[in-house]
Amino acid sequence: MTPPHPAWLPVPAFRPVGSRRVRVTGTGLLVTTVRDEVAAAVAAHGGALVDDGPADLELVLVGDGGSGEFDASGGFGGSEEFTVARAGTTSVRAGGGAGLLYGFHHVVRLGEAAFAADFAPRRHAPRQPIRMLDHWDNTEVHPFMGQVERGYAGNSIFYADGRVREDLDRVAEYARLLGSIGVNRVGLNNVNVHRAEARLLTDLLPDVVRLADVFRPHGVRVHLSVGFSSPVTLGGLPTADPLDPAVREWWDRATAAVYAAIPDFGGYVVKADSEGRPGPFAYGRDHADGANLLARALAPFGGTVFWRAFVYDHRQDWRDRATDRARAAHDHFAPLDGAFDPNVVLQVKYGPMDFQAREPVSPVIAALPRTRLAVEFQVTQEYTGQQKHVCHLVPQWSEILRFPLDGRTVGDLVDGVVAVSNVGLDRFWTGHPLAQANLFGFGRLAWDDRLAPDAVLDEWIGLTFEDPAARGPLRELMDDSWPTYERYTAPLGVGFMVTPGHHYGPSVDGYEYSPWGTYHFADRDGVGVDRTRATGTGFTGQYPAPWRDVYESPETCPDELLLFFHHVPYGHVLHSGKTVVQHVYDTHFEGVEEVVRMARVWAGLEGRVPDGVFGRVAELLAEQLRCATEWRDQVNTYFFRKSGVPDAHGRTIH
Ligand code: GCW
């Protein structure tokens with residue numbers, strides 16, 4: 001197999017460290033990882049790993065370091081903090097192996113700046129203790145979904161032919177990439193747990209042990225998605241009722257067996273009563289009963305259950321205007337606040353619908369003050385161009401994490417950030433080489449949501465691309481690519497309009513008369529979903545002040561969310577001064593023009609980026625342009641035909 005692309009850890013990125021004298025002090029699994037990194041860097045760049053004598057960089061595990069491989073309180077790899085300073089020598093001090101690893105990569109990112117002027121000690125600690133990537137990987141290839149559900153980068157890096165791969169070199173490279181950006185948890189299999197994958201919990205457990213062994217030296221704990229009906233499907237019990245003592249015993253036993261094999265196992269991820277997955281509702285129980293059942297099996301070992309709040313009726317009738325999918329998570333979970341055990345983390349998608357390019361922040365995040373929460377993002381670009389389009393999502397995640405709710409930000413309110421991974425066997429990991437920036441940026445924002453998205457992008461570009469002349473154009477191309485994507489797809493927050501099933505490319509009415517609850521309600525007079533308390537579904541009432549009122553009125557609702565909250569006439573004038581229909585036309589023409597510009601910027605980079613990368617991105621930009629043009633023409637034509645309003649600028653609408 002050809003070696004995978006080095007992503008943001010190419011050999012030249014280690015030159016500032018690797019060309020110097022470096023000392024590593026301490027012992028433990030993660031300290032060994034750091035020492036190996038330093039050894040490779042100095043071997044490549046002519047520096048030295050020294051035991052004594054003067055050093056330019058010291059990496060020091062302080063005290064006994066809590067350097068044990070993990071402790072049951074969840075301090076895997078010991079403490080994650082580190083302090084960095086420079087007084088003649090640059091030094092990183094950490095109380096745990098994980099902190100030392102993160103401190104090392106911090107210095108790598110600083111590059112030469114880490115060795116320039118002296119600076120006082122700066123303490124770095126993650127804002128979120130939980131920084132997790134979920135893989136929607138199956139052990140087998142699914143006839144419709146491929147091997148990785150919503151995967152756009154080839155087959156799974158973990159599994160082949162129903163088992164964990166023999167050769168885990170690539171997984172080791174991946175674990176290294178994750179450790180370098182501070183990701184500390186990974187979910188190994190699809191939340192839609194099919195029959196074959198259910199066995200990861202039982203007879204395939206020795207395979208999971210091998211994956212855990214590969215992730216451990218990089219400070220990453222592994223988790224399994226489990227099916228709620230496992231006691232029936234795997235255990236042969238007549239029920240999976242969470243209050244049944246035999247069910248409880250089954251989970252206790254299965255979980256104890258996992259910990260006997262993997263003492264630092266992270267826990268379970270559960271999608272229950274969602275899109276056809278089994279759950280506690282079948283037994284007349286609620287989701288606290290369900291989550292606590294697993295939490296109690298995990299608690300003696302320090303494990304966590306990640307219980308997804310993505311619960312809604314996917315068999316609704318489009319004729320029924322009272323049912324609003326956006327309301328579902330809050331309706332189900334807000335009443336359960338206080339009922340969850342302390343080792344339950346409720347995993348909430350960032351918006352009330354489903355990973356759209358634009359949604360309001362989920363009101364669930366403000367509604368459960370006594371429950372641990374994690375916000376869920378989608379690094380895999382299901383609804384944002386499927387890694388065929390450049391769509392740099394870090395600005396979206398930053399906006400969400402900084403969003404104020406009840407006087408705090410989303411980043412303050414949650415205990416963790418989780419995202420669906422975007423990697424596969426593709427030689428660039430992510431299909432689109434520039435989609436690596438989303439994986440990198442996810443880790444960086446999960447570590448510190450106060451980082452500026454453009455600074456994170458610059459970090460990624462600086463590490464990944466050697467030629468300084470490539471950096472400005474790359475930034476120009478990628479920086480605004482999320483708003484660009486938004487411009488040529490579904491307008492003003494209304495969402496979807498994608499081709500049903502695979503979700504790529506436009507189909508304005510594709511989901512309009514379907515059971516999935518994803519409607520736009522366009523007619524000859526107007527478009528949008530009335531989610532107000534006054535005349536609509538009442539969804540606005542799920543928000544605390546001021547948002548419940550800001551969103552309630554079209555006068556105060558931000559333009560970009562207008563059609564999410566309101567059904568308005570085509571002639572409704574936005575805050576921008578444009579009518580809704582003219583906004584639709586303008587943004588769709590502009591969006592395509594921006595893609596043309598992106599392709600032009602990329603063409604100018606020939607010879608400045610590696611050939612393989614150049615060719616792949618050039619091809620994909622051509623596809624992005626084709627697809628954006630299709631979006632533009634279908635959306636514009638659709639609204640022209642519905643409204644009969646011509647474009648004020650007389651451009652071609654078919
Ligand atoms: O966005 C939807 C996807 C499903 C996915 C589901 C979920 C894993 O279309 O493929 O299932 O979300 O988040 O559970």
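**Helix pairing and domain contact in a predicted model**

In this predicted model, helices α20 and α21 are roughly antiparallel to each other.

Student: Why are α20 and α21 called roughly antiparallel?

Tutor: The axes of α20 (residues 580-603) and α21 (residues 611-643) cross at roughly 170°. Angles over 145 degrees count as roughly antiparallel, and α20 and α21 therefore receive that description. Their axes come within 9 Å.

Student: Which residues of α20 meet α21?

Tutor: Among them are V581, Y585, F589, V592, V596 and W602 in α20. On the side of α21, the residues include A618, L621, L625, A628, R632 and F639. The criterion for such a contact is that the C-beta atoms, placed from the backbone, lie within 7 Å.

Student: What makes up the contact of α20 with α21, in terms of nonpolar, polar and charged residues?

Tutor: It divides into 17 nonpolar, six polar and one charged. Val, Phe and Trp are among the residue types that count as nonpolar, whereas Arg counts as charged.

Student: Into which domains is the protein divided?

Tutor: There are domain 1 (11-124), domain 2 (130-464) and domain 3, which consists of 486-529 + 567-643. The C-alpha centres of domain 2 and domain 3 are 28 Å apart. Their contact takes 25 residues from domain 2 and 23 residues from domain 3. On the side of domain 2 that touches domain 3, nine residues are nonpolar, eight polar and eight charged.

Student: What does UniProt place at residues 430-651?

Tutor: An unreviewed UniProt entry places the feature "domain: Glycosyl hydrolase family 67 C-terminal" there. In the model, residues 430-651 are 49% helix and 2% strand, and the end C-alpha atoms of this span lie 37 Å apart.

How values were computed: Residues numbered from 1 in each chain as written. Predicted model: local features only at pLDDT ≥ 70, side-chain atom pairs only at ≥ 80, totals over all residues. Domains from an automatic or database assignment. Contact = placed C-beta atoms within 7 Å. Axes fitted to C-alpha atoms, helices over the stretch in contact; angles between N-to-C directions. Helix = DSSP H or I, 4+ residues; strand = E, 2+ residues; numbered from the N terminus. Parallel < 35°, antiparallel > 145°, perpendicular 65-115°, else oblique. UniProt positions renumbered as here; feature names shortened; annotations may be inferred.
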